[in-house]
Amino acid sequence: RRFRDPARTMIPLSGGIDSRGILAICHEKYGDGLRTVTWGKDNSTPGADADVARTVARHLQTNHQFILRTVDNFEPNMREMLWRMDGLTDDACHHHGELSIMKTIREELNCHSIMQS
């Protein structure tokens, strides 16, 4: 339902079975050329999520991006995430970097993620 426009949608891809399953369904419907993204602190460790994602992306011929996770803007990201979630979850503490990553996907890569509503 959230897959609105394949040309402007970025599919998050990790080494996990859930993201690979979502990508497989999208690939079955739309074919090659989908856009995928992985983020983390390292893009070179063999067998890690980023490596598995890159291998899957290459196999399914997606346009794959890697975004480096940093602690830049930690305090403003934490404040904004707490505000967005009304402080009802600890996600802001554990995943503060995702706010910057989602903004990068939207602004720099000019697309939206299927993780966003």
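This is a predicted model: local features need pLDDT of at least 70, side-chain atom pairs count only at pLDDT 80 or more; totals for chains, interfaces and linings use all residues.

User: What is the secondary structure of the protein chain, and in which order do the elements run?

Analyst: There are five helices and four strands. Read from the N terminus, the order is β-α-β-α-β-α-α-α-β. Of the 117 residues, 37% are buried. Among contacts with a separation of 6 or more, 66% are between residues 24 or more positions apart.

User: Why is the pair Arg54 and Asp51 called a salt bridge?

Analyst: The criterion asks for a side-chain nitrogen of Lys or Arg within 4 Å of a carboxyl oxygen of Asp or Glu. For Arg54 and Asp51 the N to O distance is 3.1 Å, so the pair meets the definition. By this rule the count is one salt bridge. Both residues belong to helix H2 (residues 49–59) and sit three residues apart, about one turn of the helix. An α-helix has 3.6 residues a turn, so residues three or four places apart point the same way.

User: Is Arg54 buried, exposed or partly exposed, and what makes it so?

Analyst: Its relative accessible area is 26%. Buried means under 20% and exposed means over 50%, so a value in between is called partly exposed. Arg54 is therefore partly exposed.

User: How do you know that Ser19 is buried?

Analyst: Ser19 has a relative accessible area of 8%, and the cut-off for buried is under 20%. Ser19 therefore counts as buried. Ser19 is located in helix H1. Setting aside neighbours within four places in sequence, Ser19 is in contact with Pro12, Leu13 and Ser14.

User: How do you know that the length of H1 agrees with what a helix should span?

Analyst: With 1.5 Å a residue, the 14 residues of H1 should span 20 Å. The end C-alpha atoms of H1 are 20 Å apart, so the two values agree. Just after H1, Gly31 has a positive phi of about 80°.

User: What makes one side of H1 the buried side?

Analyst: The buried residues in H1 are Ser19, Leu23, Cys26 and His27. They cover an arc of only 100° around the axis, and therefore lie on the same side of H1. The face turned away from that side carries the exposed residues Ile17, Asp18, Ile25, Glu28 and Lys29. The buried residues of H1 pack against strand E1 (9–12), strand E2 (35–40) and H2.

User: Which residues make up the largest nonpolar core, and which element gives the most to it?

Analyst: This core has ten residues in all: Phe3, Ile11, Leu13, Leu23, Cys26, Leu34, Ala53, Val56, Ala57 and Leu60. Helix H1 (17–30) and H2 are the elements that give two or more residues to this core. H2 gives the most, with three residues. Leu23, leaving aside neighbours within four places in sequence, is in contact with Ile11, Leu13, Leu34, Thr36, Val56, Leu60 and Thr62. A second, separate core has nine residues, including Val37, Ile67, Ile101 and Leu109.

User: Why are the buried residues of H3 said to line one face of the helix?

Analyst: In helix H3 (residues 74–84) the buried residues are Asn77, Met78 and Met81. Seen down the axis of H3, they fall within an arc of 100°, so they line one face. Exposed residues Arg79 and Trp83 are on the face of H3 turned away from the buried side.

User: Where is Gln61, and what makes it partly exposed?

Analyst: Gln61 is in the loop between H2 and strand E3 (63–68). Its relative accessible area is 49%. Exposed requires over 50% and buried requires under 20%, so Gln61 counts as partly exposed. Gln61 also has a positive phi of about 55°, although it is not a glycine.

Terms used
Residues are numbered from 1 along each chain as its sequence is written. Side-chain values use heavy atoms; hydrogens and water are left out. Buried means under 20% relative accessible area, exposed over 50%, partly exposed in between (1.4 Å probe, protein chains only). A nonpolar core is a set of buried Ala, Val, Leu, Ile, Met, Phe, Trp, Tyr and Cys residues joined through side-chain atoms within 4.5 Å. Contact means heavy atoms within 4.5 Å. The expected span of a helix is 1.5 Å times one less than its number of residues. The arc is that of the directions from the helix axis to the C-beta atoms.
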